[in-house]
Amino acid sequence: MTAGPAPRGAIYDLGYEGYDGPRRGRRYAVWSLYVLSLRNAFGLGRGTLPKFLAFGLVIVALIPALIQVIIAALGPEEDFSFVRPHEYYGFIQAIILLFTAALASDLVGNDRRFGTLVLYFSRPIRWADYGAAKLAALATGLLAVTLLPQTVMFLGNWLGAADALEWAGANAVDFAPIVGSGLMISITFAAVGLLTATYAERRAFAIISVLALFLIPFIVVEGITEISDDAKYAAFASPVHVMRSFTLVLFNEVPTIDLPGSVFILAAFAYAAAAAALLLTRLRSSV
Amino acid sequence: MIPVPLIRTAALTKHYPGVVALDAVDLSVESGIVGLVGPNGAGKSTLIKILLGLLTPTSGAATVLGFDAGRESLRVRELVGYAPEHECLPADLSAVDFVVHMARMSGLPAAVARERGDAALRYVGLAEERYRRMHGYSTGMKQRVKLAQALVHDPKLLLLDEPANGLDPEGREEMLALIERIGHEFGISIVMSSHLLSEIERVCDSLIVIEQGKLVRAGEIADFTGVTHLLVVEVDGAAAPIARRLATVDVKAKAAGRLLEVSVDPAEATLVHDAIVAAVAEEGLPLVRLEQGRHTLADLFSPAEGGAPAA
């Protein structure tokens with residue numbers, strides 16, 4: 001029982017080569033997973049539909065910025081704004097939500113649907129590594145619909161300004177809030193979206209669940225804060241409200257909910273951290 | 001050869017609420033191709049998942065290639081390749097992209113990962129189709145990709161959970177030949193689970209039998225098959241006269257219609273083969289087949305044999 005079988009046809013007739021070279025370990029594996037997830041999120045290496053969806057949404061998210069840039073370049077002398085940085089996310093809120101829902105359901109949903117998770121966890125990575133790579137991939141992807149249009153608008157306004165130096169002096173203060181809000185919204189939406197997507201088996205349900213989780217509290221909070229001012233604390237149940245107020249505070253504007261600004265800074269960080277922690281716990285129990 | 005213990009477990013126990021999946025299993029597995037047999041739900045997959053560090057045992061310990069399966073699971077997983085029983089391939093990626101990605105997940109640098117990913121798919125017999133997305137793949141092709149992704153990082157040990165499940169007889173035979181080649185030619189030790197003893201018998205050097213979480217038997221294949229080595233002979237006509245002819249040369253045979261079951265002592269296998277062929281020829285009947293009897297778990301646990309406790 002020691003002799004091997006005769007080679008069966010040319011296709012098997014290849015000697016095996018071992019590998020004694022370096023094995024790069026866990027951080028490299030997580031980096032690889034991050035890169036592949038980000039590529040897959042934008043449909044690279046996959047079909048036409050995911051590509052079309054992701055890039056289509058990015059283009060739509062850029063439209064208000066492009067309109068603003070065109071107005072700044074061609075428009076009247078006085079400083080007319082079609083959209084200002086702190087209003088931008090409100091303009092494209094639906095796009096950000098759709099992007100989160102579609103990509104979150106792909107990023108964690110596919111690995112669960114196809115049963116691939118167990119193959120990842122038979123590689124030298126830890127539970128949290130997988131979640132961190134997926135979270136980073138979606139957050140990075142989301143920057144394309146948050147930070148990217150804001151940056152395009154910022155640079156376009158600058159280039160279109162009659163006096164670039166004067167414009168920079170007046171608007172440079174916006175740059176840190178643009179980066180801060182872009183990062184916070186991307187990370188929080190990514191974590192909440194991925195967490196929700198892990199609960200839905202099918203792709204369509206995952207997308208609907210993610211949308212519902214953002215939209216239902218949003219509509220409820222909008223409704224009850226109209227009726228009663230005492231209901232302002234309900235805003236914390238709505239991630240969109242928390243992110244909106246956080247953004248307004250960063251841009252030194254008055255939040256629509258009548259609470260001190262620092263509360264929304266704390267709430268935003270708490271949201272991001274809680275969703276990320278729940279996501280990692282959730283993944284751990286799934287193999 | 002240095003006898004490296006592939007796997008060692010001591011009183012390994014895993015409880016789920018209301019179920020004992022593994023019950024104080026003591027094992028020592030040496031290199032080669034090892035079969036892990038037991039009915040569905042016997043604890044085979046639980047054992048494999050504990051060895052990979054995917055599950056934490058309730059009590060007891062397990063080491064794989066000298067590393068603790070729990071505390072040093074990342075070291076273990078660098079050296080082990082795993083192919084699960086169920087579907088696990090992303091349908092929207094090509095086989096080559098996926099296997100290369102899995103190589104990188106095991107720490108192989110990008111260029112090496114590409115090279116070995118391609119090679120692994122060729123070893124398992126996937127040619128041009130490896131560039132196609134996997135959603136159109138047959139069960140056989142998927143099983144091959146599962147094997148390739150387990151092999152791609154040059155593991156010292158392969159853990160294969162029901163690798164031939166769901167395949168047609170021809171596909172099963174090819175898969176088993178592939179496993180045998182990997183184990184005996186490539187020199188990679190393999191633990192493969194199966195609920196079919198015939199599969200294990202076909203390729204494995206040794207065998208572990210578990211049932212209801214308990215180790216029933218463990219040992220060399222010959223220890224198991226030596227007792228009831230059966231040859232199945234089929235002729236194109238009544239088999240009874242052949243049985244009578246064999247009886248005259250002291251070969252015990254049982255005829256049933258066109259079939260003949262012959263007990264063979266492995267030491268005299270060649271003699272018995274010759275006797276059968278001679279007897280068939282003398283009867284002037286065409287020989288349809290002559291093959292090793294297919295043992296099943298049912299045979300192994302039949303009352304006649306008894307369930308001898310494990311060593």
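Start with helix H2 of chain A, residues 48-74: at 1.5 Å a residue its 27 residues should span 39 Å, and the end C-alpha atoms lie 37 Å apart, which agrees. The expected span is 1.5 Å times one less than the number of residues; helices (H or I, at least four residues) and strands (E, at least two) are DSSP runs numbered from the N terminus. This is a predicted model, in which local features need pLDDT of at least 70, side-chain atom pairs count only at pLDDT 80 or more, and totals for chains, interfaces and linings use all residues. Residues are numbered from 1 along each chain as its sequence is written, and chains are lettered from A and ligands numbered from 1 in the order in which they are written.

Next select A:Ile63, where H2(A) bends by about 35°; the bend is the angle between axes fitted to the seven residues ending there and the seven starting there. A proline, A:Pro64, follows within four residues.

Now colour the buried residues of H2(A), among them A:Leu57, A:Pro64 and A:Val69 (buried: 20 or more other C-beta atoms within 10 Å of its own, C-beta atoms being placed from the backbone). The buried residues pack against helices H1 (25-41), H3 (85-91), H4 (93-107) and H8 (147-160) of chain A (contact: C-beta atoms, placed from the backbone, within 7 Å).

Move to chain B, where six strands form an open sheet of mixed pairing, in the order S6-S7-S8-S3-S9-S10 (strands pair if DSSP finds at least two bridges between them). Strands S6 (80-83) and S10 (214-220) of chain B are at the edges with a single partner strand each, so one side of each has no neighbour in the sheet. Finish at B:Ala83, which stands opposite B:Leu160 in S7(B).

Notes
Buried ≥ 20, exposed ≤ 12 C-beta atoms within 10 Å, placed from the backbone. Contact = placed C-beta atoms within 7 Å.
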